[in-house]
Every structure is written in C-alpha cells, then in structure tokens.
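Hello,

Here is the model I promised to pass on to you. Please open it alongside this email, and my notes on it follow below.

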Amino acid sequence: MPNVTKSIDVSVPVRTAYNQWTQFESFPHFMGGVESITQTDDTHSHWVTKIAGVTREFDTEITEQHPDERVAWKSTDGTTHAGVVTFHRLSDNESRVTVQIDWEAEGLVEKAGALVGADDRQVGADLDRFKEFIESRGREEGGWRGDVQAPTT
C-alpha cells in the first residue's frame, strides 16, 4: 500500500493553518487533481478527483480531530485511503504542517505512478500551493473548531 509523508513550514500562526485546513471545500484551490469536495456534515464529505484522466468519487469520514493539532480521516466507500495532517507551532507566526496519506493504488497508471514517486511529488506540490494559498491571504477563510475523538477499539 503506497504512503507519503511530507511537511512544510508556513508563515502563519498554527490556528490559521489549522482553520484553513478544515475548510475542505477550498482544497481544489491548492490540491492538484481535486475537482470538488462537498461537506455533507461536520465529519463527512464527498470528493470528486481527476488524476491522469481517471475520475473518482468517494466519501470520507473524519475519524479524529483536535483543534490546532490534528485531523485524521478515512474513506468510507469508493477508493481506499486514509490520512492524518498534524499542525505544530514553531513560533507565534510560523507553523509546520505534516501530511501522511496511505492509499490503495488502483489500476496500472496509479501503480506505476506510486513506483516512480509521482505521489510524493504531488503531495509536496500540494503543500507548496497550500503555503502560497494561506500566506498570500494571511488569514483563513473560516474554520471548524469541533473535537472528534478517535474511535476506541
């Protein structure tokens, strides 16, 4: 199962970075291949992606969320993936955002892309665009400060 872990430092307070990340419908502004995200309730959303000419639709669920610390999710249908993004305060006006994503590559194109590191480059480019997106504004477009406890097993 392919996975990627990437970090980027952004010149905004951790609260600003976190709040913007919780605005899932803004992801198409900085995530390559994301056509749209529709938030259906506080913890569920519907994604439409188009990568290498392949369109996929799937639903996700927030499995854990703690303001200014982390957001974890998993797919609930369609494509198989899960991930977590963590937020770390570096100073009053600088934060580190770390993304870890695990997924099941489907089809020849996705499997080949995973083998040659295309996914690493894509996540890195998405984080670069997030940095530009949030720093150019200097503020978030909104934020959801709810707390979602991880499921107990």
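The largest pocket is lined by 40 residues, and those nearest its centre are Thr49, Ile51, Ile101, Trp103 and Gln122. This is a predicted model, so to speak of local features a pLDDT of at least 70 is needed, and side-chain atom pairs count only at pLDDT 80 or more, whereas totals for chains, interfaces and linings use all residues. Residues are numbered from 1 along each chain as its sequence is written, and side-chain values use heavy atoms, with hydrogens and water left out.

A pocket here is an open set of points on a 1 Å grid over the protein atoms alone, where a 1.4 Å probe fits and protein lies on both sides within 12 Å along at least five of seven lines; lining residues have an atom within 4 Å of a point. The volume of the largest pocket is about 900 Å³, taken as the space filled by probe spheres set on the points, with grid points joined across faces, edges and corners. Its lining divides into 21 nonpolar, 13 polar and six charged residues. In that count, Ala, Val, Leu, Ile, Met, Phe, Trp, Tyr, Cys and Pro are nonpolar, Asp, Glu, Lys and Arg are charged, and the others, Gly among them, are polar.

Which elements each supply at least two residues of that lining? They are the strands β2 (34-41), β3 (44-51), β4 (54-66), β5 (70-75) and β7 (94-103), together with the helices α2 (107-115) and α3 (118-137). Helices (H or I, at least four residues) and strands (E, at least two) are DSSP runs, numbered from the N terminus.

Now to the sheet. Seven strands form an open sheet in the order β1-β7-β6-β5-β4-β3-β2, with antiparallel pairing; two strands pair if DSSP finds at least two bridges between them. At the edges are β1 (3-10) and β2, each of which pairs on one side only. On average, neighbouring strands of this sheet are turned by 20° against each other, direction ignored. Helix α1 (residues 14-21) packs on the sheet and touches β1, β4, β5, β6 (81-91) and β7, where contact means heavy atoms within 4.5 Å. The direction of α1 makes about 160° with that of β6; axes are lines fitted to C-alpha atoms, for helices over the stretch in contact, and angles run from 0 to 180 degrees between N-to-C directions.

Going through the strand pairs, β1 and β7 run antiparallel and are joined by eight bridges. Asp9 has Arg96 in β7 as its bridge partner, and Ile8 has Val97 in β7. Between β6 and β7 there are 10 bridges, again in the antiparallel sense, and Thr86 is partnered by Thr98 in β7. The hairpin from β6 to β7 passes through two residues.

Thr86 in β6 also stands opposite Arg70. The strands β5 and β6 pair over five bridges, and their hairpin has five residues between the strands, with Gly78 in the turn at a positive phi of about 70°.

For β4 and β5, six bridges join the antiparallel strands, and the partner of Ile62 is Trp73 in β5. Most residues other than glycine have a negative phi, and most peptide bonds are trans.

Ile37 has Trp47 in β3 as its bridge partner.

Finally, the aromatic rings: a search of the whole structure finds 10 aromatic pairs. Rings of Phe, Tyr and Trp (its six-membered ring) pair if their centres lie within 6.5 Å; planes under 30 degrees apart count as stacked, over 60 as edge-to-face and the rest as tilted. Trp47 and Phe58 have ring centres 5.7 Å apart and planes at 20°, so this pair is stacked. Trp47 lies in strand β3 and Phe58 in strand β4, 11 residues apart, and the pair links distant parts of the chain.

Best wishes
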